[in-house]
Amino acid sequence: MPSVLICAHQKESRVLLKSFLCLHGFHDLTYADDSEQALRLCTHRHFTLILVDLPFTKDAHEVSFLLKLHETSSTFMITIVAQSKYDVLREQMERFGVFTMMKPILREVFSQFLAFVKAVQHHYGSMMMQQQHLVEQIKEIKLIDRAKCLLIENEYLTEEEAHKQIEKTAMNERVTRKAIAQRIIAEYEEGR
C-alpha cells in the first residue's frame, strides 16, 4: 500500500494535501511536525512519497534539511514552495532528484504528478526486483565456483570435471546446483 510522509506545519496545507492524496489512492498518511521527527520517521519506515511544504524547519536551513531527508530515504520527494522562492529552490534541488512544485497547488497538475509518481514507483519496484534477482544469481555463481574449487583442490578434478559433477549430481538428485554446492562446501570445510 502506498504511504506518504507529509511534512507541513499549516493545517490548511495538511488538509489540502490529504484531500488530493486520498483521491488518488494514497490513504496511509503520516505527518511530521518538525525536521527531527521527519528524519526519525524516514530512518524507521519506508514511504512511497515524501511531501515537504516549505517553510518547514524553524530556521533558515531548509535546503540542508531537504538534502538530509533525501539522503536518509530513497523515496520520491516533492517540495512545495512559494512562487517567490521557486526558481532558486528548484535549481538547487533538481540536481539531487528532488521535484519542486510552486504554490498554489493546482488540483489538475498535482493529479497528473501523482499519476507520474505511481508510474515511476511501479517501474522502480520492478527494477529493484530485477536487481535482487541478479544479486541472487551472482551469489549462487560464487557459491558454485567455491564448491568447484574445493572439488579441484580435494578430488584433483579439472574445472570442467568439477562443473560436470555438480550438474550431474543436481540432476540425478533433482535438486538445485546451489544445494549441491552448499553440501560440497559443508563437507570439505567442516572436515578441515
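**Close-up views of the predicted model**

View 1. The 5 strands of an open sheet follow the order β2-β1-β3-β4-β5 and pair in parallel. The edges are held by β2 (28-32) and β5 (99-102), each of which has a single partner strand, so one side of each lacks a neighbour in the sheet. From one strand to the next, the twist averages 20 degrees. Strands are DSSP runs of E with at least two residues, helices are runs of H or I with at least four, and both are numbered from the N terminus. Two strands count as paired if DSSP finds at least two bridges between them. The model is predicted: local features need pLDDT of at least 70, side-chain atom pairs count only at pLDDT 80 or more, and totals for chains, interfaces and linings use all residues. Residues are numbered from 1 along each chain as its sequence is written, and side-chain values use heavy atoms, with hydrogens and water left out.

**View 2. The β1-β2 pair and helix α1.** Strand β1 (residues 3-7) runs parallel to β2 and is joined to β2 by 5 bridges. Within this pair, C7 stands opposite A32 of β2. Helix α1 (residues 11-23) packs on the sheet and touches β1, β2, β3 (49-53) and β4 (76-81), where contact means heavy atoms within 4.5 Å. The direction of α1 makes about 160 degrees with that of β2. Axes are lines fitted to C-alpha atoms, for helices over the stretch in contact, and angles between N-to-C directions run from 0 to 180 degrees.

View 3. The bond from L54 to P55 is cis, with omega near 0 degrees. P55 is placed in the loop between β3 and α3 (62-72). K103 and P104 are also joined by a cis peptide bond, with omega about -5 degrees. The loop that holds P104 lies between β5 and α5 (107-155).

**View 4. Y156, with positive phi.** Y156 is a residue other than glycine, and its phi is positive, near 55 degrees. Y156 belongs to the loop between α5 and α6 (159-173). Its relative accessibility is 72%, so Y156 counts as exposed. Exposed means over 50% relative accessible area, buried under 20%, and partly exposed in between (1.4 Å probe, protein chains only).

**View 5. R174, with positive phi.** For R174, likewise not a glycine, phi is positive and near 55 degrees. The loop between α6 and α7 (177-190) contains R174. With 78% relative accessibility, R174 counts as exposed.
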